[in-house]
Amino acid sequence: MDQRPGDFEQYWQQTLDALAGYPACPEIDVLPLRSTDFATLYGVRLTSLGPYRLFGYLSLPTGPGPFPAIYYVPKYQSVLEIIPQGTANLQRSRYITFALAGRGQRNADTPYAAMFPGLLTDDIDQAASYIFRGIVADSVRGLQFLLTRRELDPRRVLVVGNDMALITAALQPGATHVVTAPTLFYNTAELAPRTQAYPLEEVNDYLRAFPDRVEAVRRTLAYYDLRAFAPRLSATTLLMAGAPGTLLDAPALGPLVTALRGQVTVYASEQSNYKDGLYVEQWMAAQCGITDVHNILPEHWR
Amino acid sequence: MPKAVAVDYQSMVKKPADFDAFWDGVLQQAAAVPLEPEMTPDPLRTSEDVEVFQVFYTSLEHVRIAAWYCRPTRRAERIPAVLLLPGYQADPPIPKEWALKGYGALSVAPRGKLRSNRQFNPGYPNLLTYNIMDRHTYTYRGFYVDSWRGIDFLLARPEVDPTRLGVTGSSQGGGLTITTAAMRSEIRAAAAGAPYLCGFMDAMALTHTYPYEEINDFLRAHPDRRRAVEETVAYFDGINFADKITCPIIVNIGLQDNVCPPETGYALFNRIRATDKQLYTYDGHGHDAGRYKHNAIVDRFFAQHLLSER
């Protein structure tokens, strides 16, 4: 496995300290076009490390609250969604949702416009300036912002997404639940050579072009490996594993499960958006005490 | 268990009387725009087995369109080629895996997508409803032509056998596969997954998920514009292109698709004119449309129609 760097805590503490040096300065504007009778949508601008101005979509349910909240961390794609494609819009009637574009994504692509593929290896041989150091800070800033909302029930705060969900919840207290699908930063140096599929193929491309940087890349990736963050995470976690036999299946993720401090449920993908998605929706609802999840599912899942 | 899907679902879409005239006019405009293809090797993405190129070409309104082109390093003098079309919010992938199977592969980023958004960038969400009141300026007028012109790029490649061209994609890529197969007679085989942009007005009633929800948002804000919206999208509805498809085609849908309702997949399939057509339905699957199982079927389908020389 990638060795946990000796200065792992220092690296991230410096990142968080630097982030703390920039006030978020939130700017919140209602977006009437995407608002309904059951939820109001806002565009949110926030400052992160750099300084860098980010953008997110905040949806608040109609009513007095407090409400459970879902924080959709920055995805590995250029597009920022209000809620993930295929999610029933009615999810916004029961949860506060906040989706953030990290630096480089649409709506947060000035001055830095990320390429996909390309983002994963941007400065990957320099741990200090690796692009994901900033993106992790962005994601933490998003959670910090969400936690300031008075409509939020602090006992029901879900952080949902890829690796960034686990990393964010490990670095920033306040998440009660995590749904994470490891994609980018689990044993990457070892697993990338075993696939030709993007995004990990980006690492292969990079090392084919710059073979002399292999150790530097390995050093950087070690700061981001989920196993290094796991002991810091106490939130109840749903770990979305790949289907049996795939690169990131449940057995492969075993060391991560062992390292996590909180209660963990491992779900092995059934290679079906419907089955996998339904499981997540039901899990989140159960954790949040929502007993009629049926009513906020997509029509074809009811 | 979710309720059963009506296999005989009747779409509400009506084909405008001047549908063909509209698209003839668009194609005439497009024909006046030179392709100006530009193909630059990408050494970072190139491997021992696959050559990767960054591609640009010009489309309607002189918008420069980006794409990735991959071809096998070791190849015959002439190879078959596949046009790959992207999902609504997906970043077009580098199609190395197609080159590894022996195809030239062009993965297009139609206008508004990353790398093709310098001159046209309505954003997401918004692309689906941008200028939806006017068929002459609606997003998908140019977006469709951008996709179709990918075929012109492939035809200009000396290593591509012009008699062995295919097209495929899923979701929006599935919808674009339908329109491309309909409008480009050079296509010899098409595989469309979970086709989007088919039954626009049906879908926004059958489901309330993005991206179709963009139209619901628009009409909630502007209820008086419903008729105009219906009129516009009828010119772009894949179901209205389906009777032009004559090449062999396969379509796969998930019966629990929460993005592109399966009802619209049935309605589309029933309108496809080709006699060599096959619908694969995947119960227990959503917008993935059974991709995990279906990929092997797609591989066999294209191998049968494109890999063997004629």
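How many bridges join strand E4 (residues 67-72) of chain A to E5(A)? The answer is 4 bridges, and the two strands run parallel. The model is predicted: local features need pLDDT of at least 70, side-chain atom pairs count only at pLDDT 80 or more, and totals for chains, interfaces and linings use all residues. Residues are numbered from 1 along each chain as its sequence is written, while chains are lettered from A and ligands numbered from 1 in the order in which they are written.

**Strand E5 and its partners**

- Helices (H or I, at least four residues) and strands (E, at least two) are DSSP runs, numbered from the N terminus, and two strands pair if DSSP finds at least two bridges between them.
- Strand E3 (residues 52-61) of chain A pairs with E5(A) in the antiparallel sense over 5 bridges, and Phe55(A) is the bridge partner of Ala101(A).

**Burial of E5**

- Because 6 of the 6 residues of strand E5 (residues 96-101) of chain A are buried, the strand is largely enclosed by the rest of the structure.
- A residue is buried if 20 or more other C-beta atoms, placed from the backbone, lie within 10 Å of its own.
- Ile96(A), Phe98(A) and Leu100(A) point one way from E5(A), and Thr97(A), Ala99(A) and Ala101(A) point the other way.

**Contact between chains A and B**

- 33 residues of chain A are in contact (C-beta atoms, placed from the backbone, within 7 Å) with 36 residues of chain B.
- Helix H6 (200-209) and helix H10 (273-288) of chain A are the elements that give two or more residues to the side touching chain B.
- H10(A) gives the most to that side, with 4 residues.

Terms used:
Two residues are in contact if their C-beta atoms, placed from the backbone, lie within 7 Å. A residue is buried if 20 or more other C-beta atoms lie within 10 Å of its own, exposed if 12 or fewer, and partly exposed in between; C-beta atoms are placed from the backbone.
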